[in-house]
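Me: Could you walk me through this structure, one question at a time? I'd like the cut-offs spelled out as we go.

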Amino acid sequence: MKSKSYILLIVNPIAGDSEKDHIIEGVDYEAAQRGYSLKIFETTGGDDVSQIQDILKEYHPERVLVAGGDGTISLVAQCLRNSNIVMGIIPAGSANGMAVNFEIPETVEEQIEVAFSDCLLKVDTLIINDKICLHIADLGMNAELVKNYESSNIRGKLGYFLQSIPTIINSGGPYDFSIQTENETFEKSGILLAIANANKFGTGANINPKGKINDGIFEILIFKNLDFIEILKTLQDNPEMSSEFVDIISTKKAIISTKKKVSFQIDGEFLGEVSEITAAVKPKSLLMAVPQEYCEMHNYTKDNQ
Ligand SMILES: Nc1ncnc2c1ncn2[C@@H]1O[C@H](COP(=O)(O)OP(=O)(O)OP(=O)(O)O)[C@@H](O)[C@H]1O
């Protein structure tokens with residue numbers, strides 16, 4: 001084990017199609033100011049999980065900062081789950097859904113400040129079909145949109161917007177979902193079933209306004225139709241959505257099945273078509289540095305060590 005405390009910075013060089021030099025310089029400066037040594041690891045897209053695990057064992061960093069998109073954040077969260085190592089996010093992807101959800105500020109300077117701050121929150125993670133979900137997974141129309149977005153050349157919100165109309169027209173829904181929770185079985189029909197640990201999609205749509213990221217439960221939201229007025233409401237901070245538009249089930253675990261296969265995504269990554277998934281919450285399993293304002297707005301109590 002090394003004698004000085006380490007910060008590990010994990011950089012995905014291709015995320016968001018942007019250079020990361022200013023992030024690396026900013027983190028290097030801040031780490032030095034605070035008396036840490038900095039270890040940098042660049043992902044390769046190959047065996048990143050086992051390489052990161054080896055670095056964690058060798059350097060025992062106090063914090064791991066991630067400069068990448070949602071895919072890289074998920075990968076790092078998977079390595080840090082059930083440890084006491086803090087994860088900080090420096091969003092550098094094309095859509096950055098998790099950063100939108102955690103209200104990470106816009107500038108790199110502010111993001112680095114948050115990533116090094118002592119506003120720490122132990123958040124729940126979900127395990128869905130053996131994969132980690134920090135944010136939102138879904139079956140149906142949004143997953144179809146993620147698939148079409150991934151295969152298109154235009155990135156960012158514009159890319160999502162441009163894919164939305166053909167996706168709506170060509171969608172395979174509505175779907176009949178059978179949802180088995182710990183105590184009950186529900187039969188529901190909808191165009192989109194979301195499994196939400198967090199509140200917002202990467203587009204900013206606040207689909208799960210009452211959800212808390214550290215309450216030991218998650219929400220299953222079944223959207224029944226494309227009601228544009230209700231969709232516009234989700235752009236507000238605290239939308240009251242009609243029960244004609246969405247049904248909400250809160251639970252700790254669930255098995256969800258459909259007769260016909262349906263598109264499936266976790267945290268912005270398209271994972272093919274499935275007819276059954278299992279989801280379970282792992283309460284307070286990841287320690288994250290988040291903005292003070294995020295804790296205040298959602299009445300979260302900090303989990304400072
Ligand atoms: N050095 C690399 N070369 C090629 N691909 C890489 C490399 N490092 C990571 N990857 C790939 O990058 C993907 C993850 O990208 P990530 O989600 O972080 O960024 P993004 O796609 O730009 O952002 P977002 O998810 O916010 O749209 C994974 O598929 C991973 O395999």
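**Overall fold**

Reply: The protein's secondary structure comes to nine helices and 14 strands, where helices (H or I, at least four residues) and strands (E, at least two) are DSSP runs numbered from the N terminus. This is a predicted model, so local features need pLDDT of at least 70, side-chain atom pairs count only at pLDDT 80 or more, and totals for chains, interfaces and linings use all residues. Residues are numbered from 1 along each chain as its sequence is written.

Me: What share of the 305 residues in the protein is buried?

Reply: A residue is buried if 20 or more other C-beta atoms lie within 10 Å of its own, exposed if 12 or fewer, and partly exposed in between, with C-beta atoms placed from the backbone. By that count, the buried share of the 305 residues is 40%.

Me: And of the contacts with a separation of 6 or more, what share comes from residues 24 or more positions apart?

Reply: Two residues are in contact if their C-beta atoms, placed from the backbone, lie within 7 Å. For contacts with a separation of 6 or more, the share from residues 24 or more positions apart is 72%.

Me: Which helix gives the most to the shell around the ligand?

Reply: A residue is near a molecule or strand if its C-beta atom, placed from the backbone, lies within 6 Å of it. There are 18 residues around the ligand, and A15, G45, G69, G71 and G93 come nearest. By class, the shell has four nonpolar, 13 polar and one charged; Ala, Val, Leu, Ile, Met, Phe, Trp, Tyr, Cys and Pro count as nonpolar, Asp, Glu, Lys and Arg as charged, and the others, Gly among them, as polar. The helix that gives the most, with three residues, is helix 3 (residues 70-80).

Me: How does helix 1 sit against helix 5: parallel, antiparallel, perpendicular or oblique?

Reply: Helix 1 (residues 21-33) and helix 5 (residues 108-116) have axes 10 Å apart, at an angle of about 45°; axes are lines fitted to C-alpha atoms, for helices over the stretch in contact, and angles run from 0 to 180 degrees between N-to-C directions. Angles under 35 degrees count as roughly parallel, over 145 as roughly antiparallel, 65 to 115 as roughly perpendicular and the rest as oblique. So helix 1 is, relative to helix 5, oblique.

Me: Which residues of helix 5 does helix 1 meet?

Reply: The helix 1 side consists of H22, I23, G26, V27 and E30. Across the contact there are five nonpolar, two polar and two charged residues. The helix 5 partners are V108, E109, I112 and F116.

Me: Which residues of helix 3 make the contact with helix 2?

Reply: The axes of helix 2 (residues 48-59) and helix 3 come within 10 Å and cross at roughly 45°. From helix 2, the contact uses D48, V49, I52, Q53 and L56. From helix 3, it uses L75, V76, Q78 and C79.

Me: Is P13 buried, exposed or partly exposed?

Reply: P13 lies in the loop between strand 1 (6-11) and helix 1. Leaving out residues up to four places away in sequence, P13 touches K20 and E42. Because P13 has 14 C-beta neighbours inside 10 Å, P13 is partly exposed.

Me: Last one: is K200 buried or exposed?

Reply: K200 is in the loop between strand 10 (192-196) and strand 11 (218-223). Not counting residues up to four places away in sequence, K200 touches V100, N101, A205 and N206. With 23 other C-beta atoms within 10 Å, K200 is buried.
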